[in-house]
There are 4 protein chains.
Amino acid sequence: MTDENWLRTSVGTSDADSITVMGRDVAGELMGNVTLTELAFLVVRRRLPSEGEARMLDAVLVSLADHGLTPTVLAARLTFTGAPESLQGAIASGLLGSGSVFLGVVEDTARFLGAILEGETSDLAAAAREALAEHPGRVPGLGHPIHKVEDPRTPRLYAIAEETGTLGPHLRLLREVAAAHGRGLPINGAGVAGAALADLGFRAELLRGFALLARTAGLLGHLAEEMDRPLGMPLYREVDERAEYEPPPRES
Amino acid sequence: MTDENWLRTSVGTSDADSITVMGRDVAGELMGNVTLTELAFLVVRRRLPSEGEARMLDAVLVSLADHGLTPTVLAARLTFTGAPESLQGAIASGLLGSGSVFLGVVEDTARFLGAILEGETSDLAAAAREALAEHPGRVPGLGHPIHKVEDPRTPRLYAIAEETGTLGPHLRLLREVAAAHGRGLPINGAGVAGAALADLGFRAELLRGFALLARTAGLLGHLAEEMDRPLGMPLYREVDERAEYEPPPRES
Amino acid sequence: MTDENWLRTSVGTSDADSITVMGRDVAGELMGNVTLTELAFLVVRRRLPSEGEARMLDAVLVSLADHGLTPTVLAARLTFTGAPESLQGAIASGLLGSGSVFLGVVEDTARFLGAILEGETSDLAAAAREALAEHPGRVPGLGHPIHKVEDPRTPRLYAIAEETGTLGPHLRLLREVAAAHGRGLPINGAGVAGAALADLGFRAELLRGFALLARTAGLLGHLAEEMDRPLGMPLYREVDERAEYEPPPRES
Amino acid sequence: MTDENWLRTSVGTSDADSITVMGRDVAGELMGNVTLTELAFLVVRRRLPSEGEARMLDAVLVSLADHGLTPTVLAARLTFTGAPESLQGAIASGLLGSGSVFLGVVEDTARFLGAILEGETSDLAAAAREALAEHPGRVPGLGHPIHKVEDPRTPRLYAIAEETGTLGPHLRLLREVAAAHGRGLPINGAGVAGAALADLGFRAELLRGFALLARTAGLLGHLAEEMDRPLGMPLYREVDERAEYEPPPRES
């Protein structure tokens with residue numbers, strides 16, 4: 001059942017004289033010519049992005065990179081407190097909380113839009129209304145606990161999509177969904193990021209990976225700061241002092 | 001002993017109307033204008049890079065992003081095999097092996113050069129000779145198991161450093177060290193990356209973090225490929241079939 | 001909405017003279033008197049297990065601890081290859097693949113049985129038949145790719161459950177489900193472990209945690225072995241040599 | 001250079017009829033007869049422990065399992081906040097901070113004592129004095145920030161070692177070291193655990209692994225509690241509200 005020829009890859013290889021990534025010579029073709037973002041696009045889409053696609057992907061990544069002292073950042077900094085010699089452990093710890101609660105929206109929005117786009121979509125507004133009628137209740141990508149009126153990333157990402165020629169069906173449809181929903185809920189940054197990544201051609205299963213790449217950059221900043229003015233140890237000390245201990249009832 | 005004012009950060013924050021990273025408005029100033037690489041520089045160095053610095057940092061990151069089916073990539077793909085629903089776990093697993101064996105050289109080279117640069121360095125060649133005389137034995141940053149004659153990344157990175165005006169004391173000194181060593185060992189890609197990152201102003205303790213950022217991009221490619229043509233499961237099956245079981249001697 | 005009194009715990013605390021876990025003095029009451037397994041039961045169920053419960057829980061943990069060179073074990077050993085100085089990273093890497101593919105069955109079986117047990121269950125055989133009629137297709141806990149006729153752990157765990165007086169409704173029902181299914185599929189070790197853990201009073205969301213505890217013990221053995229006769233590096237070398245590189249088609 | 005016969009293991013294997021760990025049939029010999037602690041001893045030492053060794057190892061593990069809301073526990077709970085569907089991620093995150101700062105003492109103490117024991121040790125008190133004279137400054141295993149007079153685990157572990165006949169050279173020497181040091185610093189729980197594990201025959205490189213096993217049990221309790229009364233989200237909210245944002249000076 002397994003493909004006989006399973007031990008193969010297109011991502012990268014190296015020999016005595018060269019290192020190759022996606023069929024391109026790393027030293028001769030890629031270094032100095034492409035950004036890390038373009039490389040990430042290349043290894044996933046198996047082709048280099050256009051200038052517009054690269055700018056759009058960077059805009060999405062920058063929008064996702066950091067939101068301050070979030071639970072995942074705190075986990076990374078607290079992990080660094082105990083194991084400063086293993087930066088990889090602190091970063092891994094900071095990525096592991098990037099699960100359904102905070103990043104689910106990116107993927108859920110892409111999936112929701114993708115399912116609608118598989119049907120008849122000559123009239124996006126009608127398709128949006130129909131989808132909302134079929135799925136009453138919470139719509140992925142709409143509403144934000146802090147940015148209640150407008151998520152500042154949303155209009156900016158739409159503007160960049162226009163400028164770069166990457167405004168695709170997912171982004172267009174998401175705008176129709178928000179309009180059809182009609183309760184003033186703003187399109188949130190995670191939702192618009194999901195739609196934008198889907199328009200860049202990435203499958204829903206992988207979208208979280210781009211958020212993780214972006215957050216790794218943000219975590220570098222937090223860990224650099226943690227080295228200079230630690231927050232993990234005083235946070236632990238305060239929690240330890242303030243925490244009330246409640247022994248469970250004794251049965252035996 | 002703890003700073004009373006420990007609960008503060010410069011990295012990021014957000015309120016109802018805006019998201020801020022390192023004092024810059026994410027939507028208004030950063031999105032569409034900076035790359036993820038420039039953002040990573042910003043959050044660590046607390047200022048945006050020049051165009052030359054950004055290009056140099058991208059070149060370093062691209063040089064570190066992927067080297068094919070390495071142990072860390074295999075760990076990520078095998079983790080995905082068991083938990084495909086948690087991409088963050090596969091990426092974390094792929095980062096956790098980025099420790100002393102493969103990435104130590106990046107930091108060791110930067111530290112070795114940094115220690116020399118703290119002394120008298122009006123004559124770099126002399127400083128290199130002196131350091132080698134004091135530290136006989138293996139020199140961090142020299143030699144490579146595969147690229148025995150020349151690591152293709154090394155001359156390219158020096159060329160980009162020249163072009164971008166980022167050829168600093170660490171890179172200059174590393175070249176003198178290789179010359180003074182005089183046994184034909186090439187400067188390896190990890191060593192030159194370490195020197196380049198040090199010249200970009202990053203401290204040794206954080207250099208590994210940039211390698212981790214680069215590798216996260218590479219891992220996205222491997223996990224995208226793993227979704228289409230899995231390597232983890234057949235690798236496990238082959239190992240399981242071929243492995244010889246050796247029970248230990250029974251004492252009791 | 002948040003409980004004002006959120007900063008509290010029953011698990012553990014310490015002061016100048018004592019360390020307390022679940023209301024018990026660690027030095028005076030627990031050390032020397034309870035096993036790690038009994039402690040794990042205590043911190044989750046908030047009471048110590050009976051002798052029978054402890055023996056049953058140990059039997060379940062022992063059944064889950066190791067199955068040779070599985071994908072998660074390989075991930076741990078490959079991670080150790082790159083970062084031998086961070087044992088915590090290798091173990092974390094070995095746990096991260098414990099997701100839906102291999103451990104899902106433990107939880108799925110417990111949930112499937114638990115849902116049936118919420119209904120009318122005066123006649124377990126009838127309840128099993130009814131549930132199978134309602135859920136045609138694959139039944140969690142039945143069938144195994146290697147142990148096609150009988151999973152050796154299953155009869156043993158039922159026997160220990162009888163001996164220890166811990167044969168509860170989940171285990172009883174699972175037996176009826178297998179009988180009602182009637183296609184000769186054996187109850188697998190993961191399924192019986194899930195039912196047994198549910199009968200010990202652990203909720204479905206936490207069952208995976210016990211498998212992770214068991215596997216951590218198994219990983220210690222693999223990492224001890226890896227220190228003496230490494231498997232990670234030669235595995236990587238063989239993969240690297242045998243892997244075929246397939247560059248993607250060039251578009252530009 | 002690589003052993004030709006590298007693809008082998010003694011830890012575990014399975015075939016259609018049986019599962020084997022360290023040469024023992026899991027269903028027939030181990031389940032119902034050994035605890036998880038005994039299994040952990042077996043896979044590392046390649047033999048089952050005596051009753052006394054098992055009791056001693058359990059006592060050490062119980063002493064290390066939980067110390068309340070420590071940085072690693074907070075990291076685990078904050079990771080669970082974002083990814084409750086991946087318990088393995090929360091536990092991995094909780095293990096990753098088990099590095100040099102908190103667990104280093106366990107290993108450092110074992111190494112310090114082991115190095116002394118390699119020399120002349122007919123008179124342990126003299127050997128201790130000599131070692132302290134040679135290594136002035138901080139002695140691993142002595143002193144504790146909270147348990148300033150006596151760590152409650154220390155006398156208990158020595159008593160259990162006496163009772164179980166496992167009081168070996170590392171534990172004896174550690175007592176002499178504390179006496180020779182003579183400044184009233186108590187032997188701390190991590191130090192005595194390190195000495196005890198060394199006396200049980202585990203090498204220094206692996207000691208951290210036993211602490212990780214113990215902490216996994218403790219983490220189960222914290223994550224069970226987190227499911228019922230979450231601490232991660234309110235902790236984040238409070239941090240987010242209280243944190244002061246300090247933008248860096250703008251250069252451009």
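1. Residues are numbered from 1 along each chain as its sequence is written, and chains are lettered from A in the order in which they are written. In this predicted model local features need pLDDT of at least 70 and side-chain atom pairs pLDDT 80 or more, while totals for chains and interfaces use all residues, and side-chain values use heavy atoms.

2. Between chains D and C, 90 residues of chain D are in contact with 89 residues of chain C (contact means heavy atoms within 4.5 Å). About 7,300 Å² is buried between these two chains, with 68% from carbon and sulfur atoms; buried area is the accessible area (1.4 Å probe) that two parts lose on being put together, summed over both.

3. The interface of chain D and chain C holds two salt bridges (a side-chain nitrogen of Lys or Arg within 4 Å of a carboxyl oxygen of Asp or Glu). One salt bridge joins C:R203 and D:D228 at 2.8 Å, N to O.

4. Chain A places 31 residues in contact with 31 residues of chain D. The buried area here is about 2,600 Å², and carbon and sulfur atoms give 65% of that area. Four salt bridges are counted between chain A and chain D. A:E238 pairs with D:R242 in a salt bridge, with the closest N and O atoms 2.7 Å apart.
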